[in-house]
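Reader: I have a model on my screen and want to learn how to read its features. Can you take me through it?

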Amino acid sequence: MNAVARAKAILLDPAAAWLGIEKDVGDQAFLLSRYVAVLALIPALSDFVGATLIGVIAPSGAIIRANLIDGSLGAVFNYAASCGIVLLLGLIVNLMAPLFGGRRDFEDAFKLAVFSFTPLWLAGLFLLLPGLRFLLLTGAYGIYLFWLGAPRLTKVPEPQALNFTVLIVICACGLLYAAALTQRLLFGL
């Protein structure tokens with residue numbers, strides 16, 4: 001599986017991409033090492049460069065930059081948290097799917113979580129310039145991707161797909177917020 005081709009497919013033609021993803025058979029370690037590990041680098045490295053090398057302009061006009069040690073540790077934390085969040089989200093999807101009439105299958109639940117996170121990881125490029133952080137909202141396209149893929153991968157009935165998606169989005173937002181808060185408290189980034 002080529003990470004770039006798969007990311008392009010899920011973004012540009014999600015319905016067809018979910019068909020292909022549904023048919024893919026493989027283990028989660030391969031997906032974690034070949035797709036998640038590559039895409040999760042984007043926000044981690046972009047945030048590192050934006051926070052330590054470029055910096056932000058304070059109201060006083062001074063440029064504030066994080067020191068290299070905090071920036072490096074923050075990037076490593078961001079990377080590990082990103083991988084951990086998608087794994088936890090896969091577990092949550094797997095546990096919650098039966099409550100909405102779906103089936104429990106960790107492989108498909110993990111694929112759904114991973115490929116739904118693609119827009120958010122790619123939107124991580126906007127962390128390079130602190131003034132563009134608001135463009136991380138383009139990562140919300142992943143909500144639509146999840147909603148589209150949930151009936152196909154977890155077999156949640158179409159009428160329940162929206163409710164299932166809302167629950168998972170709330171869980172994902174909570175995990176992302178907890179990771180961001182922890183990073184901020186530990187490294188000041």
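**Burial, packing and pockets**

Author: Gly55 is buried, with a relative accessible area of 9%. Buried means under 20% relative accessible area, exposed means over 50%, and partly exposed lies in between (1.4 Å probe, protein chains only). Before going on, note that this is a predicted model: local features need pLDDT of at least 70, side-chain atom pairs count only at pLDDT 80 or more, and totals for chains, interfaces and linings use all residues. Residues are numbered from 1 along each chain as its sequence is written, and side-chain values use heavy atoms, with hydrogens and water left out.

Reader: Where is Gly55 placed, and what does Gly55 touch?

Author: Helices (H or I, at least four residues) and strands (E, at least two) are DSSP runs, numbered from the N terminus. Gly55 sits in the loop between α4 and β1 (56–57). Contact means heavy atoms within 4.5 Å. Leaving out residues up to four places away in sequence, Gly55 touches Gly50, Ile63, Ile64, Arg65 and Pro130. Gly55 and Leu129 are 74 residues apart in sequence, yet 8.0 Å apart in space, C-alpha to C-alpha.

Reader: Which residues does Pro43 touch, and is Pro43 buried or exposed?

Author: Pro43 is buried, at 8% relative accessible area. Its place is in helix α4 (residues 41–54). Beyond residues up to four places away in sequence, Pro43 touches Asn78, Trp121, Gly124 and Leu127. For Glu107, 64 residues from Pro43 along the chain, the C-alpha separation is 25 Å.

Reader: How do I read two packed helices?

Author: Two packed helices are described by the angle between their axes and the distance between the axes. Axes are lines fitted to C-alpha atoms, for helices over the stretch in contact, and angles run from 0 to 180 degrees between N-to-C directions. Take helix α3 (residues 28–39) and α4: the axes come within 4 Å and cross at roughly 25 degrees. That makes α3 roughly parallel to α4. Angles under 35 degrees count as roughly parallel, over 145 as roughly antiparallel, 65 to 115 as roughly perpendicular and the rest as oblique.

Reader: Which residues make the contact of α3 and α4?

Author: From α3 come Ala37, Val38 and Leu39; from α4 come Leu41, Ile42 and Pro43. By class, the contact of α3 with α4 has 6 nonpolar, no polar and no charged residues. Ala, Val, Leu, Ile, Met, Phe, Trp, Tyr, Cys and Pro count as nonpolar, Asp, Glu, Lys and Arg as charged, and the others, Gly among them, as polar.

Reader: What about pockets?

Author: Work on a 1 Å grid over the protein atoms alone: a cavity is a set of points where a 1.4 Å probe fits but cannot get out, and a pocket is an open set with protein on both sides within 12 Å along at least five of seven lines; lining residues have an atom within 4 Å of a point. Grid points are joined across faces, edges and corners, and a volume is the space filled by probe spheres set on the points. Here the largest pocket holds about 1200 Å³. Its lining has 46 residues, and Leu120, Leu127, Leu136, Leu176 and Ala180 lie nearest its centre.

Reader: Which helix gives the largest share of the lining of the largest pocket?

Author: α9 does, with 12 residues. Helices that each supply at least two residues include α4, α5 (68–96) and α9 (158–187). The lining of the largest pocket has 31 nonpolar, 11 polar and 4 charged residues.

Reader: How many residues line the second largest pocket?

Author: The count is 12, with Asp24, Val25, Gly26, Phe30 and Leu31 nearest the centre. The second largest pocket has a volume of about 170 Å³. α6 gives the most to its lining, with 4 residues. By class, that lining has 6 nonpolar, 2 polar and 4 charged residues.

Reader: Is α6 mostly covered or mostly open?

Author: α6 is mostly covered, with 9 of its 11 residues buried. Among them are Asp108, Phe110 and Lys111. The cover includes α1 (3–12), α2 (14–23), α3, α5, α7 and α8.

Reader: Where is Ala150, and what does Ala150 touch?

Author: Ala150 lies in helix α8. Ala150 is buried, at 0% relative accessible area. Not counting residues up to four places away in sequence, Ala150 touches Leu112, Lys155, Val156 and Phe164. Lys155 has a positive phi of about 60 degrees although it is not a glycine.
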